[in-house]
Amino acid sequence: MSQWSQVQQLEIKFLEQVDQFYDDNFPMEIRHLLAQWIESQDWEAASNNEAMATILLQNLLIQVDEQLDRVSQEKNLLLIHNLKRIRKLLQGKYHGNPMHIAVIISNCLREERRILAAASMPVQGPLEKSLQNSVVSERQRNVEHKVSAIKNSAQMTDQDVKYLEDLQEEFDFRYKTIQSLEQSDKNSALIKQEMLALQAMLNTLDYKRKEVLSKIGRVIHEIDMLMSNMLTEELLDWKRRQQIACIGGPLHGGLDQLQNCFTLLAESLFQVRRQLEKLDELLTRLTYDGDPIPVQRPQLLEKVNFLLYNLFRNSFVVERQPCMPTHPQRPMVLKTLIQFTVKLRLLIKLPELNYQIRVKATIDNNRRFVLCGTHVKAMNMDESANGSLSVEFRHLQPKEMKSSAGSKGNEGPHMVTEELHSISFETQVCLYGLTINLETSSLPVVMISNVSQLPNAWASIIWYNLSTNDPQNLSFFNNPPAATLSQLLEVLSWQFSSYVGRGLNSEQLNMLAEKLMGQQVSYNDYQLSWAKFCKEHLPGKSFTFWVWLEAILDLIKKHILPLWIDGYVMGFVSKEKERILLKDKTPGTFLLRFSESNLGGITFTWVDQLENGDVTFHSVEPYNKGRLSALPFADILRDYKVIMADNVPENPLKYLYPDIPKDKAFGKHYSCQPNE
């Protein structure tokens, strides 16, 4: 069954989650019509390979054309109209940046897999539950509502300033007219009446000036309150969701909504600034005793500038964290002399800033590493499909300085992979007389010099982003905190859903929990140390828990991926539990489990019955990557033979647990010819 077919069978609450990440960037109609073709392409690899992405985009458009021909023959007018629109949209949006659609489709497929995994779980994990808090959703709606109200208030104040300007011009004209008269004419009754009218007009001017300044003050106060409270919380929540997404969690959305809020607030502040400038202009033409403008305007302008500085500083974010194209599912682990990519965005999207902001990338301040490659680039609105003001660095390489190379040999593997670094970015915005220096940093990264250090480096990234929402605690591993086991298990399931397409169910997670903490009744509040996760060897073994688990991920990815995705590999089950499951089953029933004593090994056990009725169990030596590279695992299961009583070789494997005929489960994965 295709992944899309499985998605369509989900409950409505999960289908609503799927609906959230399909839009004009990748329409759901295309996902539906081209489901099998889309799932058969390697979008993940294409997301970091421009030539491959270009070919895939061309092939995608060809597939759309073929669908157009088909529906044209069926005379389905609505679908014809939609497909023509979608084809034009895809061609226009991604022609200059084909890797972007590869990223989008790869993310959509990954998110589908995560939702399918979540749907198979009896309960939602604690981390995911916290990210989908209804209070957070309500706050998002409140922020958008308040930003819209502030924008309307600023526009209404514009009308008040215009009225004030017109009123002052009329006063100025009438006052100058009287001043131009001869002295004798000024004493007439008509002129005295006009002077009284002018005094009344001046009183109205004074009232209107105070009213406009009061309204401007209220707009500024509302922006200040929104920025200090809800908008800051929204930005922090987005950054936390980004952290979780980086370690395999739900894809983080909401940046476009934040950009809309930041941009509208910036436009409102600049509008208020222009209103204050207009008041200053009116002041130069007319002032009087008790005039409120010279008293209040400087304070209001200072506050507006202060808010603009803060708004711009908070708007400079790392949209996509540093990641090596060769390891797209292991972000924030960087290998020396290997290129990585990173993308930044300014959430204040103003046309005046297009190509005007040059961003410089640097690494740390300890001078141990330097960045090679193009490390200064201009932000623009042309490279992103959604037209955001952003910049993507694609050719940066970390290089270790020679002066520190001599110390490398003295460092153990844990010292290397627990040392955190930071990629920093700085730029300057010059706009409407303001000059604002901006700085931001990536989440902490781990530098490695050899790919063998990747598993432990990735463990450090997982532990950091699971345990803290502090974006810059580079000394974290001087005293790493313990993690709640329930949250860690949720993240471990994400490793499987994001890396090998299927997460872990509650039974599989229970087995991992027992392996980490022994036989415990409940693990909801159990605190697990960093050392037990990644540094201490498992009892009686020569490897750590994490090394054992990473080897299984590698085994699945390279050798048994289709079987894992189909859900036919139980995998995480102890020998004791295995016997309990099999003992009452039909002879020949077997299950597949990962070896607990061999790294990256998989074995199978079947149940048999002796003549006297006793149940017996048989297991085979674990198959590792060496043996599986020579022969597909499905073929091994098909062709496995044992010598029976009459010296006749026979395959003892009849039913995959609980009662699935072996050929029904694995038949589609057999190669053409059986291997005796």
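**Reading the interface of domain 2 and domain 3**

Guide: Between domain 2 and domain 3 about 1800 Å² is buried, and carbon and sulfur atoms give 70% of that area. Buried area is the accessible area (1.4 Å probe) that two parts lose on being put together, summed over both. This is a predicted model, in which local features need pLDDT of at least 70 and side-chain atom pairs count only at pLDDT 80 or more, while totals for chains, interfaces and linings use all residues. Residues are numbered from 1 along each chain as its sequence is written, and side-chain values use heavy atoms, with hydrogens and water left out.

Visitor: Into which domains is the chain divided?
Guide: Domain bounds come from an automatic or database domain assignment. Here they are domain 1 (3–120), domain 2 (134–314), domain 3 (324–400 + 413–449) and domain 4 (556–669).

Visitor: How many residues does each of domain 2 and domain 3 bring to the contact?
Guide: Contact means heavy atoms within 4.5 Å. Domain 2 brings 19 residues and domain 3 brings 21.

Visitor: Which residues form a salt bridge?
Guide: The rule asks for a side-chain nitrogen of Lys or Arg within 4 Å of a carboxyl oxygen of Asp or Glu. Across this interface it finds 1 salt bridge. R345 pairs with D256 in a salt bridge, with the closest N and O atoms 3.0 Å apart.

Visitor: Which element gives the most to the side of domain 2 that touches domain 3?
Guide: Helices (H or I, at least four residues) are DSSP runs, numbered from the N terminus. On that side of domain 2, α12 gives the most, with 10 residues.

Terms used: Helices (H or I, at least four residues) and strands (E, at least two) are DSSP runs, numbered from the N terminus.
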